[in-house]
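This briefing is for a reader meeting the structure for the first time. Please look over the sequence and the model before reading on.

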Amino acid sequence: MDGNGRWAKKRGMPRQMGHRAGAETFRTIATYCADIGIKYFTVYAFSTENWKRPQDEVDALMNLFRKYLREAADTMSQRGVAVRVIGDLSGLPDDLKAQIAENDTIADQLGPDAAVANLCINYGARDEIKNAVQAICREIQVGKLRVEDITEGCIAKHLYTAHMPDPDLIIRPSGEMRTSNFLLWQSAYSEYYFTDVLWPDFTTADMDAALDDFNHRQRRYGGI
């Protein structure tokens with residue numbers, strides 16, 4: 001969800017206002033995706049590197065996560081949207097972890113047919129892969145796995161995204177042309193769509209444009 005800070009700066013506002021606007025866009029696009037039949041929608045909300053930002057901005061983001069996860073438990077679930085959090089939860093405040101657990105319970109109650117909106121919080125793809133490798137090594141140490149059991153499927157099952165398929169389409173807003181440590185393993189055959197639109201300005205029409213572009217791609221997966 002890139003471009004929140006620049007969106008606020010263009011309007012003479014503090015960066016926190018851009019994050020608030022971006023959070024509203026998340027809710028709009030997540031429910032729209034559910035309405036048009038997209039099963040999984042995942043946004044990069046806070047990276048493992050974002051802790052380096054000024055403390056007041058980090059605090060404001062954590063407060064936003066608290067607010068919108070509470071609201072998701074009350075409203076988005078009524079629309080049949082399960083909101084889950086992906087990332088290293090151990091580094092998050094205790095009350096936020098408790099709210100995430102509550103959202104997970106609601107998501108489980110909605111069942112497997114519900115649309116899923118994933119928030120990546122304290123997430124980094126390299127960190128995710130490192131944690132998966134460590135988990136596999138621990139299972140080898142106690143005899144639950146053999147080295148020969150380590151397949152691509154085995155690794156995938158130890159990632160945060162084990163409950164979902166790999167992404168078909170990754171949208172990068174705000175004019176940036178890099179992956180920024182997002183779903184590196186999972187995006188091996190994803191289609192990318194780049195747009196100059198800042199995330200708070202991203203609308204359902206922009207989503208439609210990205211999907212239309214995606215629908216005209218030819219996906220060969222290494223074949224002809």
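This is a predicted model: local features need pLDDT of at least 70, side-chain atom pairs count only at pLDDT 80 or more; totals for chains, interfaces and linings use all residues.

Residues are numbered from 1 along each chain as its sequence is written, and side-chain values use heavy atoms, with hydrogens and water left out.

**Whole chain**

- The protein chain has 7 helices and 5 strands; helices (H or I, at least four residues) and strands (E, at least two) are DSSP runs, numbered from the N terminus.
- Along the sequence, these elements follow the pattern α-α-β-α-β-α-β-α-α-β-β-α.
- The radius of gyration is 18 Å, close to the 17 Å from the globule rule for 224 residues, so the protein chain is as compact as a globular protein of that length. This radius is taken over C-alpha atoms, and the rule is 2.2 Å times the number of residues to the power 0.38.
- The C-alpha trace spans about 60 × 50 × 35 Å along its principal axes.
- Of the 224 residues, 44% count as buried, where buried means under 20% relative accessible area, exposed over 50%, and partly exposed in between (1.4 Å probe, protein chains only).
- Among contacts with a separation of 6 or more, 72% come from residues 24 or more positions apart; contact means heavy atoms within 4.5 Å.

**The sheet and its helices**

- An open sheet is formed by 3 strands in the order β1-β3-β2, with parallel pairing; two strands pair if DSSP finds at least two bridges between them.
- The edge strands are β1 and β2, each of which pairs on one side only.
- The twist averages 20° from one strand to the next.
- Helix α2 (residues 15-35) packs on this sheet, touching β1, β2 and β3, and its direction makes about 160° with that of β1. Axes here are lines fitted to C-alpha atoms, for helices over the stretch in contact, and angles run from 0 to 180 degrees between N-to-C directions.
- Helix α3 (residues 55-74) lies across β1, β2 and β3 and runs at about 155° to β1.

**Strand β3**

- All 9 of the 9 residues of β3 (residues 115-123) are buried, so this strand is largely enclosed by the rest of the structure.
- Strand β1 (residues 40-47) pairs with β3 over 7 bridges in the parallel sense, and Phe46 has Ile121 of β3 as its bridge partner.
- Strand β2 (residues 81-86) pairs with β3 over 6 bridges, also parallel.
- Cys120 in β3 stands opposite Tyr44 and opposite Ile86.

**Helix α5**

- The 17 residues of α5 (residues 125-141) should span 24 Å at 1.5 Å a residue, and the end C-alpha atoms are 24 Å apart, which agrees. The expected span is 1.5 Å times one less than the number of residues.
- Buried in α5 are Ala125, Asp127, Glu128, Ala132, Ala135 and Ile136; their cover includes β3 and α6 (152-157).

- Most residues other than glycine have a negative phi.
- Asn122 has a positive phi near 50°; Asn122 is in strand β3 and is buried, with a relative accessible area of 6%.
- Leu183 also has a positive phi, about 50°. Leu183 lies in the loop between β4 (169-172) and β5 (191-194) and counts as buried at 3% relative accessibility.
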